[in-house]
Protein chains: 2
Amino acid sequence: MNIEIINIGDELLIGQVVNTNCSFMAKELNNIGINVKYITVINDDEKEIEKSIILALQRADGVLITGGLGPTKDDMTKHCLNAMFGGTLVENKSVSDHVRRFFEARNLPYTSTNHSQAMVPDCCEIIFNHFGTAPGMVFKSKELFEGKPKLVISLPGVPFEMQEMFNDVKQILIDHYRPQTIIHKSIILSGISESFLSDKLLNFENHLADLNKQNPERCFSLAYLPDAGMMKLRLSLHGGQRAIEETEFEQVYSMLRKETSAYFVCEEDKNIAQIIGQILTAKNQTLASAESCTGGNIAHTITLNSGASEYFKGGVVAYCNEIKNKILGVKQDVLDNFGAVSEQTAKQMAQGVLKLYDTDFAIATTGLAGPNGDGSDNEVGTVYIAIATKNGETIVKNTCYKTSRSNFIDRVTTFALSELLAILR
Amino acid sequence: MNIEIINIGDELLIGQVVNTNCSFMAKELNNIGINVKYITVINDDEKEIEKSIILALQRADGVLITGGLGPTKDDMTKHCLNAMFGGTLVENKSVSDHVRRFFEARNLPYTSTNHSQAMVPDCCEIIFNHFGTAPGMVFKSKELFEGKPKLVISLPGVPFEMQEMFNDVKQILIDHYRPQTIIHKSIILSGISESFLSDKLLNFENHLADLNKQNPERCFSLAYLPDAGMMKLRLSLHGGQRAIEETEFEQVYSMLRKETSAYFVCEEDKNIAQIIGQILTAKNQTLASAESCTGGNIAHTITLNSGASEYFKGGVVAYCNEIKNKILGVKQDVLDNFGAVSEQTAKQMAQGVLKLYDTDFAIATTGLAGPNGDGSDNEVGTVYIAIATKNGETIVKNTCYKTSRSNFIDRVTTFALSELLAILR
């Protein structure tokens, strides 16, 4: 059983908005054993919408659509679906009550444009939108999958509205399709390139191929996903019955873990910041950050995880020498003689914030994100990271990332957190 | 002239990775007047790749492909393209020299798997990959566009490798297709909902329709893009000749600016943090941040922009009461009597960091990101933001965002920066 996702919106085709809806939906669908076979992005054009839905119904077993449900002229999805499924727009009382309350709660009048959100095709089921005004719609197509109609489900494009409605969507899909098993597990490795890893895993991959030959009911696969300073490996199993396959999957996964143990960082379902958080919480230890070139991104990455306040006391963003000296206590002669981007500065930043925040661990970064240099001999991309611990040890590492400013910030964040994780282990 | 983008990768279809490649490419293509008509995401499967390329060559004038170029078994793109275009894989000397140097520089041996990256189809042109080992490939198809072959261009899926190669890609496309005019301009508004804005702009939209009737050579369009706490409006013009259309476009854009002036925040090409940076740089003024619930995201958002060190001295992430008190100087009785999430705490955080960092402006946030409460009466989602200025004024505003943790952080960041911008203006 597989789905095609169609994301509608000119903003996606001109790159104004990053399409996070499709990754959210794909992840959620995978968790319930539904495979996403295609993702198509098209513009708000009635003909394109119709053509894409027809194609999707030919090549997939169901269609999920986002976008084009606003009350404005450039929103075509509802009218297009209404025409395709031969319906009539009628007022839905529960939706119009909701939309009216939605505007009343904001002290805004209820206009005819608002009211148009409550007009829905009479040939679909409604999915209630608690956070917005455009309801979701579920249509049953004439095309069949295992004797049942293929579903076409339309959702709003605003991410938090769509996300809040997605539990309902999953339940509808499970009830209708009774999806088969998909199991994924990923691990993150560091310190090995894709080509070396591939050589190292040759026997393992041959073993997977043998297993697939022995039982063609289900299929193992392995994917390599290089990422900033990391290598993600994903083991997947499609098909078969979950109760039976899970045991075999775990055996194969253990084998993969063993083969790659020298490079293992974490399981991907938990990101590095989460693993660090788990370890610190378990040990009842605390962390602080002192950031120059990462400008707050390490603190942000850590605090994206709920429960971060258990172990993260906070940090200092020291974006100028004055603050490095005055607040973090980096000595003026160190800044004068070695510069802000130096081993000595990184070390004193980490030690300074450790003392100031009275934590067990501290993490510090100083580097040249670019695109412009700082007038010193340092190349753009140079970075020093330091980890200080309460027992008085401080390690400093350095590297150089020649890349864009935002990618530099991401890579330094990953680099610093990986080094902290290595020490915590 | 329009392009279809095909992104290849299982990781995109299971939602493990957000597809930033397509938004980057779409934005860059738009800037040179190339329209992206479809974006298709498919898995690493030779048959799917072939089918999708054939479909793309039917419905678009050129095809850009990312992904599936690694040296491992799950990377199919090169072999598929080689077969489709009837080529033979041969060693490319400049690529093999580069790959060899790439591994030597990292003190790694040059294996046969690495060498496979230097084997390229003899029926394509190469685009050099300075940051990685898989070269880009340009194929000419039998399908024609205005008498010239449609191009099929394959690029690596690793974002920073692809991005670095994209200048070459743009030059190839410009030389080959001589694209027509596309002009976009966007503005960000706040304080008005989509439906009210749509009512307000009815006459303006009718005017656009009239203009399009008068001269069907080119077409104006307006799109509404609601975003966290904001409304983005995008005016576009397709077709015609740039030299002639630019003047008319500017006139229509001025009209739109006038109609929406009461809600205007900024032009979208510059984000709020950039506009703040411009104003502060021009006035030679400085800024600091004191963040609790946003956990460093405000500092991160500001420092993503190069040149931020001109006006941003840094900030404090105060993720516990102890730090709010000890470093930012929030009075203990304020924390005891009003709590960390309160008007009084926000105010003293902003005032504290203003003094500590000796800046002209300071921005502070304290709130309950959730999903868990803090044991107080505050609802999850409650937030107070404060802006302190050197002349002794401090404003505090509060609101409540019932949404996911990461969306909460983004919305509070936008809210706080918008309030700062309003004061700067």
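What follows is one request about a helix, then one answer. Which residues of α4(A) are buried? At roughly what angle do the axes of α3(A) and α4(A) cross?

Analyst: This is a predicted model, so local features need pLDDT of at least 70 and side-chain atom pairs count only at pLDDT 80 or more, while totals for chains, interfaces and linings use all residues. Residues are numbered from 1 along each chain as its sequence is written, chains are lettered from A and ligands numbered from 1 in the order written, and side-chain values use heavy atoms, with hydrogens and water left out.

Start with the helix itself. The buried residues of α4(A) are A:T77, A:K78, A:C80, A:L81 and A:N82. Buried means under 20% relative accessible area, exposed means over 50%, and partly exposed lies in between (1.4 Å probe, protein chains only). Helices (H or I, at least four residues) and strands (E, at least two) are DSSP runs, numbered from the N terminus. After α4(A) comes A:G86, with a positive phi near 65°.

Now its partner. Helix α3 of chain A covers residues 46-59. The axes of α3(A) and α4(A) come within 9 Å and cross at roughly 55°. Axes are lines fitted to C-alpha atoms, for helices over the stretch in contact, and angles run from 0 to 180 degrees between N-to-C directions. That angle makes α3(A) oblique to α4(A). Angles under 35 degrees count as roughly parallel, over 145 as roughly antiparallel, 65 to 115 as roughly perpendicular, and the rest as oblique. The α3(A)/α4(A) crossing is right-handed. A crossing is left-handed if the near helix is turned anticlockwise from the far one by less than a right angle, and right-handed if clockwise. From α3(A), the contact uses A:E46, A:I49, A:E50, A:I53 and A:I54. From α4(A), it uses A:T77, A:H79, A:C80, A:L81 and A:M84. Contact means heavy atoms within 4.5 Å.

Next, the loop before the helix. A:D74 sits between β3 (62-66) and α4 (77-84) of chain A. At 15% relative accessibility, A:D74 counts as buried. Leaving aside neighbours within four places in sequence, A:D74 is in contact with A:D44, B:L222, B:A223 and B:Y224. The list includes residues of chain B. A:D45 lies 29 residues from A:D74 along the chain, with 8.3 Å between their C-alpha atoms.

That leads to the other chain. Chain B can be laid on chain A with an RMSD of 0.1 Å, by a turn of 180° and a shift of 0.1 Å along the axis. The two copies are thus related as by a two-fold rotation axis. The superposition is by least squares on the C-alpha atoms of residues with pLDDT of at least 70 in both. Of the interface residues of chain B, 100% are also interface residues in chain A, so the copies meet through the same surface.

B:L12 is in helix α1 (residues 10-13) of chain B and counts as buried, at 9% relative accessibility. Outside four places in sequence, B:L12 is in contact with A:A26, A:I39, B:N7, B:V17, B:V18, B:N19 and B:V41. The C-alpha atoms of B:L12 and B:N43 are separated by 8.1 Å, at 31 residues apart along the chain.

A:V316 and B:V316 touch the most other members of the largest nonpolar core, which has 50 residues. Such a core is a set of buried Ala, Val, Leu, Ile, Met, Phe, Trp, Tyr and Cys residues joined through side-chain atoms within 4.5 Å. Beyond four places in sequence, the residues that B:V316 touches include A:G315 and A:Y357 from chain A, and B:I323, B:L356 and B:Y357 from chain B.

Helix α2 (residues 20-31) and helix α7 (residues 159-177) of chain A pack at about 30°, with axes 11 Å apart. That makes α2(A) roughly parallel to α7(A). Their crossing is right-handed. In chain B, α11 (residues 272-283) and α16 (residues 405-424) pack at about 35°, with axes 10 Å apart. The crossing of α11(B) and α16(B) is left-handed.

Last, the whole chain. Chain A has 16 helices and 17 strands. Its C-alpha trace spans about 80 × 65 × 40 Å along its principal axes. Of its 425 residues, 58% are buried.
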